[in-house]
Structures are given as C-alpha cells and as structure tokens.
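Here are my notes for your first look. Please keep the structure open while you read.

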Amino acid sequence: MRAAWRPPVETSSPGSTRPTSPRDGNMDESKIRTELKKWIVAHSKVPVTGELPDDTPILERGILSSLDIVELVLFIESLRGDEVDTEAIEPAVFTSIDTLYSGFFAP
Amino acid sequence: MDTQPIDRLARQLTKQSRDENWNVWTYFDWPESIPDDAWCMSPELCSLYGTEMWSELSEAQQKKLSRYEIGNFFSLTLQGERPLVAGMSDRLYQTKISSDATEYLHHFIDEENKHMVMFGMFCQRYLGKVYPEKKVAFPREYVKGEEEMSFFCKVLVVEELGDYYNIVMMRDERIAPIVKQINWIHHRDESRHLGFGREHTKALWEKWSPTWTPEVTQRFREWLVQYVKSSWADFYNPAMYKDAGLENAYELRQKALAHPATAEHRAKASKKLLGFFARTGILESVPAV
C-alpha cells in the first residue's frame, strides 16, 4: 500500500518559518506529551517497561544518547510546525518530557 | 630528524599544500546567479534519488531540489569543519604533536578556513543562508585517549563522506560549473587531509585502545556507529525539502531515510570510511548505516 505522501506542490518561500505541518495547531498539551513519550520510547536505548513518567531524566538514564538529540529536535520541529534554533537553547531543556514541553511548546 | 611514518607524511603533505596553495578570495569567478534549469547537485546524489518520491517529481522540481541539496551539503560540510578547525587549533604546539605534524596542522587549518569561506559564500549568494546545525553539545566523561580518538574519527567521517560527493560532482558535466569547481578544489585539499587523518587515527587507536577496558572499547564502537548514522541522517534535512517546496517535509525525510534505495547509496558512499574503520580494528565489522 502506498504511503500518504503526495506529489509535491509549491508551499512556502525559502527560509520561511511559516508552519506547514498538518499537525500544527491541532494538538493540546496532553497530545504533545503523548507524542513525545511515544517517540522517546521508540528510540530508547534501554528497555522501558510500563509508563514513562514525564519527569524521567531521559539522557541521565541512558534512554536517549546525545546523538539522538538531532533526531528529537527534528521531531519536535514537525510537532511545532516551526524550526528550532538549537543555538538559542540550553542543553537542560532535553532533561525530560516536562522540560521538553515547557521549553518547546508551552505558551 | 624524526623518522616516524606520520612525520614523514606530514612533511610531504606540507610541501604539497605549499605547492598547491590558492587564494579563496580571488580563485572563483562567482556567477551572478545559477539558472533555474541547472542541476546544482548530481541527481544520483540527491537524497530522494532512487525512490518513488524522486520519480514522481518533474525534472524542474528535481533541479530545484538539487539546489537546496547542494546548499545543505555545503552547509553540513561547513558546520562540520567549524569544530574541526577549533580542535586542530587546540592541538597546535602541544607536546604530544610533533613539530612536523604541527607545521602541517597550520596548513590543515588554513585550508579548512578557506573551505568554510567558500561554502559560506556559495550558500549566502545562491540560497541566502547557511543551514544551521541542529547538534547540541552535552558534557561527557572520557577515559584517556577516548576524546582524542572521537575527535579524529569525527574528522574522518565528515571528510570521507564529503569526499565521496566531491569526487562524483567534480567529474559531472551536467552540474553548474561553479559547483563542479568547488567540489574539485575541496577534493584536492581533502585528499591530503584524509591521508593525514587516516594515519593519525590509526596510530591513536594502536596507542590507546590496548589501555581501554572491553566496556570502554564497546562504548566507543557503539558511539562511532551512531555518529556515522547520525551524520548520514543530516543529509535528509526537512528544511531543505521545505525550501524546495515539497510538502510534509518531516514525513518525506523519514520515508527517504528508511527507503532501501537510499540505504544502498549510503552503504556505497560509506564503503571507504567504514572499510578503514573495520580494517584497522576500530570497528569489528562494517555496520549497516
């Protein structure tokens, strides 16, 4: 079965940060936290059993490695529908789902 | 005179660097613009090539994508060269680096600086930007020699993958002449850097790895494989797809990365790099990337 990808059409001008993600604007806090959790569990380097609490230190516990962070940033951009300026953020924002939410999504 | 192989090589490379010295400020005759109907990257190197996502694009869309693909490739190389220059500068005149190697490092740094100028000028002129790096630096602890090995392995990854692309594009008559020329001059300098980097990395491995516990060796190997995979993933930049006007850029990236045709390309383009790591024992075998 073919995936949902469609032949490309012109969308936005180069360099634009206008949100284009279909997910943009459709997600509340709980949905965003769930999506983050699903991604982290799917990319975990160690077995994660049961529910992953939102305050779990994901790097300190070895759930993700620093090399996973670029992928996580791109996933966060897809959820936000907007680019992340990694030069402007502190590494501490990648501590847990709580810090990810407050660093990248909280109003 | 020191007769270590690395020092003999350094003296030879220093001579070549001086013989082939070039001026980045005057070398290029930058065209005002690159025509819309030009290939800016060899189609076979474009990240979607070989997939249905590529064949469903019109030739005009493929060419437009190739413009952002080359911008991403040059940006990646530039961003990879920044820490490389910083690291090489830190090593100048350290007692663990011989005077011959130090002399060559001056050329290495000089040439890498020229490359950053060249890539930055191209990206600013024809794309209006350099794609930013998404990496975030986290402090970590190393055992003795591990950070040094990590640094020189990163150098090799950036340079070997880039060199594969340079060699294909410097011979490709279909692409814009300025792109061909940049790839050629980059390859000429990088072939020297790679010669030095391979010898030095091999010597570091032979020096340090026997002092590591099996756990450290395993950790290092896992990190290296992950680093190579992560470096490849950077070639599938959602911002580049978005700039080329393609919809659902993140989903497109994930699909392209997972496609067997792109995996085959990565294996082919990584053959020299991974072969070196396997041959020297730095990796136990050639991993899938």
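Are A:Trp39 and A:Phe75 buried or exposed? Both residues are buried. Keep in mind throughout that this is a predicted model.

1. Start with the aromatic pairs. Over all chains, the structure holds 31 of them. A:Trp39 and A:Phe75 make one that is stacked. Their ring centres lie 5.8 Å apart, with 25 degrees between the planes. The pair links distant parts of the chain, 36 residues apart. A:Trp39 sits in helix α1 (residues 29-42) of chain A, and A:Phe75 in helix α2 (residues 69-80) of chain A.

2. Now look at B:Phe73 and B:Phe74. Their ring centres are 5.8 Å apart, but the planes meet at 40 degrees, so this pair is tilted. B:Phe73 has 2% relative accessibility and counts as buried, because the cut-off is under 20%. B:Phe74 is buried too, at 0%.

3. Turn to the nonpolar cores. The largest has 92 residues. Within this core, B:Leu48, B:Phe122, B:Tyr241 and B:Phe277 touch the most other members. Helix α4 (residues 99-126) of chain B gives the most to this core, with 12 residues. A second, separate core has 28 residues, among them A:Ile40, A:Leu64, A:Leu100 and A:Tyr101.

4. Beyond its neighbours within four places in sequence, B:Tyr241 is in contact with residues including B:Ser47, B:Leu48, B:Leu65 and B:Glu69. B:Arg253 and B:Ala256 are also among its contacts.

5. At 0% relative accessibility, B:Asp189 counts as buried. Its side chain makes a polar contact of 2.7 Å with the side chain of B:Arg192. Leaving aside neighbours within four places in sequence, B:Asp189 is in contact with B:Trp22, B:Glu111 and B:His115.

6. Check helix α5 (residues 146-170) of chain B. This helix has 25 residues. From first C-alpha to last, α5(B) reaches 35 Å, close to the 36 Å expected at 1.5 Å a residue. Of its 25 residues, 19 are buried, so α5(B) is largely enclosed by the rest of the structure.

7. Finally, a caution on confidence. Chain A averages a pLDDT of 80, and 76% of its residues score at least 70. Over residues 1-22 of chain A, pLDDT stays under 50. The model still has 45 contacts beyond four places in sequence for that stretch. Where pLDDT is low, the predicted coordinates should not be read in detail.

Conventions
Residues are numbered from 1 along each chain as its sequence is written. Chains are lettered from A and ligands numbered from 1 in the order in which they are written. Side-chain values use heavy atoms; hydrogens and water are left out. Buried means under 20% relative accessible area, exposed over 50%, partly exposed in between (1.4 Å probe, protein chains only). A polar contact is a pair of N or O atoms within 3.5 Å; within protein, one must be able to donate a hydrogen and the other to accept it, and residues adjacent in sequence count only if both atoms are side-chain atoms. Contact means heavy atoms within 4.5 Å. A nonpolar core is a set of buried Ala, Val, Leu, Ile, Met, Phe, Trp, Tyr and Cys residues joined through side-chain atoms within 4.5 Å. Helices (H or I, at least four residues) and strands (E, at least two) are DSSP runs, numbered from the N terminus. The expected span of a helix is 1.5 Å times one less than its number of residues. pLDDT is the predictor's confidence in each residue, from 0 to 100. Rings of Phe, Tyr and Trp (its six-membered ring) pair if their centres lie within 6.5 Å; planes under 30 degrees apart count as stacked, over 60 as edge-to-face and the rest as tilted.
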